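Please read them with the coordinates open.

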Amino acid sequence: MSEQVSTLTVTDNRTGRTYEVPITDGTIRSSAFRTIKVDDDDFGLMAYDPAFTNTASCRSAITYIDGDAGILRYRGYPIQELAEKSSFLEVAYLLLAGELPTSDELYTWEDEITHHTLVHESIKKFIDGFHHDAHPMGMLVSTVGALSTFYPDAKTIDDPGLRRLQIVRLIAKITTLAAFSYRHSVGFPYVYPDNDLSYAGNFLNMMWKATELKYEPDPNLEHALDVLFILHADHEQNCSANAMRAVGSSQADPFSAAAAAIAALYGPLHGGANEQVLRMLADIGSVENIPAFIAQVKDGKKKLMGFGHRVYKNYDPRARVIRQVADEVFKVTGTNPLLDLAMELERVALEDEYFISRKLYPNVDFYTGIIYQAMGIPVEMFPVLFAIGRMPGWLAQWEEGLLDPEQKIARPRQLYVGYDQRPYVPMDVRSAAAAAETDPIAAQAAQAAPVRPLR
């Protein structure tokens, strides 16, 4: 028995013609509208979707999100289970390979990552070229992009073995580059990786080691950071993942594509949201000021940062996990008054019909900034930590796009709204017209002067 094909019937009221458009996986292909024309010279209809709010740019098997139900899964596994039971490198393997590793596979994977954390000594000289107050994200964008010049084999993207090597290099070296960027910004000497430590523990070592012979990370902070990396590891087709795929579609090397993704994350609407939460909490000041602040939000005078998400219309599942991580961190660092303020703000907002009706719930950014601050990480490093966690997801998205036979170089269409063809105006005529608009005497002189012939 043949499978029944679902279709969408479209009637073009301009011509009266009817078209049958196939529906596959709940979607229609935008290219199908190209057949809908007024006449043979017509280009055909296009779909107009600013910011891709309702357009699927790819098929992906990596991350599943149900925003209405508050569900996030990597390769089918709920984020809550992975955060509780897996390590970050295990999750990174899952995102890239599609399956959780065996013990032998995980050992080999961790060993590869650990032994690729060193960077070329010239990279240190490159970082030294930045001013002391250069933003760490700016340094990270530049140094990740610069790695492509150190590894020319990265351009051979059609070789599976070389692709894997670059993937290992990027996941391994981003922690080193991130820590070096921080140390440069505070004038501290660089700390080399310690192969005896875990992925998160080694990052803490390169950030905080002082004069001790061997740095021993606090296990609670080490575990908390590992979980935070897991929560950030991928999030479907967000701005930076889209940048990674778009640049990768030109067959650029993964270092260049990753630099583009980091640059996208640099923006305050993407990677800088948790900083905005801290600023908001500092502005509120105390629990007593919350009712007045909430009233200002409802009046449109203030914004409730860290609430709401383009995808999630329910409680962000990552935010639930972060609440538990916060407890681990504050056992070590002591209570942060901002946490008490944030929890009370959350309670008040979630009991207010204004926010409930608009489905505004805490997202991942609401608590991460407080946790990072308690760990002693400066605000400028917040998006850098985000980039470390997101690197495996970016690379999984990059490789999936490369291997997808339906994908081509990214090249969106546009709706042209500019001038129709118009004649070229010579410089002297333009200048005279501009002067006439502002100087009446010049205008009279321009009218009296003979027209200069073109040369």
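1. Conventions. This is a predicted model, in which local features need pLDDT of at least 70, side-chain atom pairs count only at pLDDT 80 or more, and totals for chains, interfaces and linings use all residues. Residues are numbered from 1 along each chain as its sequence is written, and side-chain values use heavy atoms, with hydrogens and water left out.

2. Domains. The protein is split into domain 1 (1-55) and domain 2 (79-403). These bounds come from an automatic or database domain assignment. Taken over C-alpha atoms, the two centres are 40 Å apart.

3. Strand β1 (residues 7-12) pairs with strand β2 (residues 17-22) in the antiparallel sense, over six bridges. Strands are DSSP runs of E with at least two residues, helices are runs of H or I with at least four, and both are numbered from the N terminus. Two strands pair if DSSP finds at least two bridges between them. V10 has Y19 in β2 as its bridge partner. Four residues lie between the strands of this hairpin, and G16 takes a positive phi near 85°.

4. The open sheet. Three strands are ordered β3-β4-β5, with antiparallel pairing. The edges are β3 (63-66) and β5 (77-78), each pairing on one side only. Strand β4 (residues 71-74) meets β5 over two bridges. R73 has P78 in β5 as its bridge partner.

5. Helix α5. Residues 136-150 make up this helix of 15 residues. The span from first to last C-alpha is 21 Å, close to the 21 Å expected at 1.5 Å a residue; the expected value is 1.5 Å times one less than the number of residues. How much of α5 is buried? The count is 12 of the 15 residues, so the helix is largely enclosed by the rest of the structure. Buried means under 20% relative accessible area, exposed over 50%, and partly exposed in between (1.4 Å probe, protein chains only). Among the buried residues are P136, M139, V144 and L147. The cover includes α4 (121-128), α6 (160-186), α10 (254-265) and α17 (382-403), where contact means heavy atoms within 4.5 Å.

6. Positive phi. Most residues other than glycine have a negative phi. D25 has a positive phi of about 55° and is not a glycine. A51 is another non-glycine with a positive phi, of about 65°. D25 is exposed, at 62% relative accessible area.

7. Aromatic pairs. The structure holds 11. Rings of Phe, Tyr and Trp (its six-membered ring) pair if their centres lie within 6.5 Å; planes under 30 degrees apart are stacked, over 60 edge-to-face, and the rest tilted. Y182 and W208 are edge-to-face, at 5.5 Å centre to centre and 75° between the planes. Y182 is in α6 and W208 in α7 (residues 199-208), so the pair ties together parts 26 residues apart in sequence. Y182 is buried at 8%, whereas W208 is partly exposed at 26%. Y354 and F355 are also edge-to-face, at 5.0 Å and 80°. F355 is buried at 1%; Y354 is partly exposed at 23%. Ring pairs also link F88, Y199, F203 and F229 into a cluster.

8. Charges over rings. R34 lies over the face of F43, 3.9 Å from the ring centre. The charged end of R422 sits over the ring of Y419, at 3.4 Å from its centre. The criterion is NZ of Lys or CZ of Arg within 6 Å of the ring centre and within 35 degrees of the ring normal.
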